[in-house]
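Subject: A structure for you to look at

Hi there,

Here is the structure I promised to hand over.

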Amino acid sequence: MSKNSDAVGVIGVGWVGLVTAVCFAELGHQVVARDILPEKIEALSRGETTIHEPGLEEMLRRNAERITFTTEMAELLERARLLFVCVDTPPTYSGDADLSRVRTVVDNLPAGGGHVLVMKSTVPAGTGNSIRRDLPDLAYVSCPEFLKEGSAVEDFMHPDRVVVGTDPGDEAAAAAVAALYEPLGGTIHRTDVASAEMIKLASNAFLATKISFINEIANVCEEVGADVAEVAEGMGLDQRIGSSFLRAGIGYGGSCFPKDVSALKMLAGNTGYHFQLLTAVIEVNELQKRRVVGKLEKHLGSLIGKRVALLGLAFKPDTDDMREASSLVLAARLQGEGAEVVAFDPVATGRASELLDSVEMAGSALEALDGADAAVLVTEWPEFAELDWADVAGRMAQALIIDGRNFLDAATLRAAGFDYEGIGKPQVAPAPAASE
Ligand SMILES: NC(=O)c1ccc[n+]([C@@H]2O[C@H](COP(=O)([O-])OP(=O)(O)OC[C@H]3O[C@@H](n4cnc5c(N)ncnc54)[C@H](O)[C@@H]3O)[C@@H](O)[C@H]2O)c1
């Protein structure tokens with residue numbers, strides 16, 4: 001190892017890796033960030049971010065001279081002792097986490113190099129111990145990432161907690177990792193490697209459970225004339241419950257919740273334990289993405305030939321990430337029922353068109369809504385609340401909107417002439433379905 005090995009190393013420059021690299025540079029560190037994709041490295045070296053994250057591009061440009069982007073592993077190993085592994089761990093067909101990219105990284109590390117492997121990728125509990133067994137010379141720290149897409153920079157710079165897991169013998173490595181995060185001020189939770197790995201999976205599974213729970217409450221609210229927003233607010237005032245993650249909608253998506261819930265369920269299953277609760281959480285989420293179809297049919301009758309405009313495609317606002325987005329399931333279901341689907345998203349249209357090639361991508365919300373028989377708000381981008389809805393009502397073939405995120409103001413929409421339906425909201429009798 002070179003004497004000058006005090007740079008922070010980052011392996012895998014996706015959402016987590018890029019934010020980690022840029023934020024550590026912002027904190028004053030030299031950073032060497034390595035990815036296997038040359039086009040990504042070239043774009044980043046020019047100061048162009050490859051993902052949409054508020055504040056990230058400015059921070060990258062501000063710190064450009066502190067970050068080296070490279071495809072060369074040798075350069076990273078030469079300059080950095082702490083190696084933050086941020087490669088993707090997508091789901092396999094079996095629902096387990098695919099650790100092949102993590103394995104590739106580990107298998108290419110030099111023996112006895114004095115490096116510290118800091119695992120930020122989300123991996124099943126037990127992974128760290130197995131890597132440590134294979135590479136006994138390596139120091140290993142589990143430091144799972146909790147950032148949220150859409151507020152990733154903010155989350156990195158102001159963490160609630162930083163989990164640092166290590167096993168006996170690696171205390172100095174854990175202290176070095178903890179020291180990097182200390183200036184950020186969050187609680188540093190020191191624990192063992194397997195528990196750190198479980199904290200990540202259990203946290204995401206718990207949040208997903210909260211979402212599926214409130215979605216089921218919403219579905220019951222629709223039957224009994226209650227308003228889920230009122231219910232959630234009243235529940236959230238109880239400090240034991242808390243108000244976060246109690247927004248009903250058309251299901252969670254993204255690169256983390258679906259795969260981490262599934263990975264934890266499978267991890268348990270592989271040990272012979274049937275995690276019943278997570279099985280239900282997953283099923284509720286899948287059904288929730290489809291409920292909009294029934295709502296549209298209630299108003300429109302058959303969807304054959306009906307033009308449905310999707311407002312938003314990304315799995316949440318402020319990101320262009322389309323992984324496991326509810327819009328993918330919804331668009332497929334609507335097309336399956338014979339609807340013509342047109343969509344607009346302020347930033348995700350490019351990524352989305354690779355996945356939704358039979359969906360017409362509009363250049364603006366108004367273009368998508370023009371002549372549509374119904375609109376579905378899929379992603380709560382703030383600009384959708386700013387639309388002149390009275391004008392929109394005049395442009396649409398039928399002024400019908402299903403608000404999949406309970407984001408728009410129902411009274412404003414109804415005053416503008418819309419049939420408005422949210423999720424878990426008191427029902428207003430629909431206008432009779434138009435005869436064919
Ligand atoms: N995205 C999130 O919000 C988030 C939040 C917390 C944790 N995580 C976890 O962090 C990990 C990374 O997620 P992500 O969303 O950043 O993934 P991503 O797909 O956006 O990025 C992964 C990057 O790793 C690169 N890569 C793959 N193999 C490589 C190798 N051998 N060497 C160097 N680079 C390699 C890929 O080219 C890609 O650029 C996952 O385990 C994920 O579960 C993600």
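Predicted model: local features only at pLDDT ≥ 70, side-chain atom pairs only at ≥ 80, totals over all residues.

**Around the ligand**

The ligand is surrounded by 27 residues. Closest to it are Gly-12, Gly-14, Asp-88, Ser-121 and Thr-122. Two elements each give two or more residues to this shell: helix H1 (15–26) and helix H5 (100–107). If you sort the shell by class, you get eleven nonpolar residues, eight polar ones and eight charged ones.

**Glu-197, a residue of helix H9**

Now find Glu-197, which lies in helix H9. Is Glu-197 buried or exposed? There are 25 C-beta neighbours inside 10 Å of Glu-197, and a residue with 20 or more counts as buried, so Glu-197 is buried. Who are its contacts, once residues up to four places away in sequence are left out? Glu-197 touches Val-123, Pro-124, Ala-125, Thr-127, Gly-128, Ser-142, Pro-144 and Gly-165.

There is also a link back to the ligand here. Ser-121, one of the residues closest to the ligand, is 76 residues from Glu-197 in sequence, yet their C-alpha atoms are 9.7 Å apart in space.

**H9 and H11**

Two packed helices are described by the angle between their axes and the distance between the axes. Helix H9 covers residues 193–224 and helix H11 covers residues 257–270. Their axes are 9 Å apart, at an angle of about 115°. Angles of 65 to 115 degrees count as roughly perpendicular, so that is how H9 and H11 are described. Their crossing is left-handed.

On the H9 side, the contact is made by Leu-201, Asn-204, Ala-205, Leu-207 and Ala-208. H11 brings Phe-257, Asp-260, Val-261, Ala-263 and Leu-264. Eight residues of this contact are nonpolar, one is polar and one is charged.

**H9 and H10**

H9 also packs with helix H10 (residues 228–236), with the axes 9 Å apart and an angle of about 135°. That angle makes H9 oblique to H10. This crossing is right-handed.

Which residues meet here? Ile-214, Ile-217, Ala-218 and Cys-221 come from H9, while Val-228, Val-231 and Ala-232 come from H10. The contact has seven nonpolar residues, with no polar and no charged ones.

Key: Residues numbered from 1 in each chain as written. Near = placed C-beta within 6 Å. Helix = DSSP H or I, 4+ residues; strand = E, 2+ residues; numbered from the N terminus. Nonpolar A, V, L, I, M, F, W, Y, C, P; charged D, E, K, R; others polar. Axes fitted to C-alpha atoms, helices over the stretch in contact; angles between N-to-C directions. Parallel < 35°, antiparallel > 145°, perpendicular 65-115°, else oblique. Left-handed = near helix turned anticlockwise from the far one by under 90°. Contact = placed C-beta atoms within 7 Å. Buried ≥ 20, exposed ≤ 12 C-beta atoms within 10 Å, placed from the backbone.
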